[in-house]
Amino acid sequence: LRYVAKAGDGSMRDALSLLDQCAAFHYGETLTYEHVLDVLGAVDNSVFRELFLAVTGQKTKECILKLEEMVIQGRELSQFVTDFIWYLRNLLLVKTSDAPEEAVDVSAENMELLKEEGRMLDAETLMRYIRIFSELSNQIRYASQKRVLVEIALIKLCQPVMETNLDSLFDR
């Protein structure tokens, strides 16, 4: 919920509204992180980490299986795309910032993981990933085949040879 309030596209009122929805959906239960993810159709950060590692390892099949897992769990693909862009943005800021703790609001444990993951790729490749998923974010809004579009984007990340623009030439 803190993400919604800080992301710029929402406000504190939006975050409180989401909190109300979560509380209503799980009335009488202890509200947990998993409950919130379920109500929002979002995924845990560990999923982004696993997906990122599969992409950097060029493991296309593993990426597609991770996506299938999310679809089976009923996760909202548009929200997944937005959240993955945010995860990549955090990686890029951690990699390029002199004071990443000021640029990215995460726990100390998650900061260390982001630093470790950020060392796996150069900034140009991370920017290409963000560009591909940003383009996907614009396309997926009105698409009837959201899953296919996400699969294509993941293939582009894993296999730069499949892309024809100059950014992917650098990765190749």
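This is a predicted model: local features need pLDDT of at least 70, side-chain atom pairs count only at pLDDT 80 or more; totals for chains, interfaces and linings use all residues.
How many salt bridges does a search of the whole structure find? The count is 6.

**Stop 1: Arg-49 and Glu-117**

Select Arg-49 and Glu-117 and show their side chains. They meet in a salt bridge, with 2.8 Å from N to O. Now colour the two helices involved: Arg-49 belongs to helix H4, while Glu-117 sits in helix H8 (residues 108–118), so this pair ties together parts that are 68 residues apart in sequence. Are the two partners buried or exposed? Arg-49 is buried, at a relative accessible area of 13%. Glu-117 is buried as well, with a value of 4%; the cut-off for buried is under 20%.

**Stop 2: Arg-131 and Glu-135**

Move on to helix H9 (123–140). Here Arg-131 forms a salt bridge with Glu-135, and the closest N and O atoms are 3.2 Å apart. Both residues lie within H9, separated by 4 residues, or about one turn of the helix. An α-helix has 3.6 residues a turn, so residues three or four places apart point the same way. Glu-135 counts as partly exposed, with 34% relative accessibility.

**Stop 3: Arg-147 and Glu-151**

Next, select Arg-147 and Glu-151. Their closest N and O atoms are 3.2 Å apart, which makes another salt bridge. Both partners are in helix H10, again 4 residues apart and about one turn of the helix. Arg-147 counts as partly exposed at 30% relative accessibility, whereas Glu-151 is among the buried residues of H10.

**Stop 4: along helix H10**

Finally, show H10 by itself, residues 146–158. Its 13 residues reach 19 Å from first C-alpha to last, close to the 18 Å expected at 1.5 Å a residue. Which residues of H10 are buried? They are Val-150, Glu-151, Ala-153, Leu-154, Leu-157 and Cys-158. Turn the view until you look down the helix axis: these buried residues fall within an arc of 160°, so they line one face of H10.

To see what covers that set, bring back the neighbours. The cover includes helix H4 (45–56), helix H5 (60–72), helix H6 (77–96) and helix H9 (123–140).

Notes
Residues are numbered from 1 along each chain as its sequence is written. Side-chain values use heavy atoms; hydrogens and water are left out. The expected span of a helix is 1.5 Å times one less than its number of residues. Buried means under 20% relative accessible area, exposed over 50%, partly exposed in between (1.4 Å probe, protein chains only). The arc is that of the directions from the helix axis to the C-beta atoms. Contact means heavy atoms within 4.5 Å. A salt bridge is a side-chain nitrogen of Lys or Arg within 4 Å of a carboxyl oxygen of Asp or Glu.
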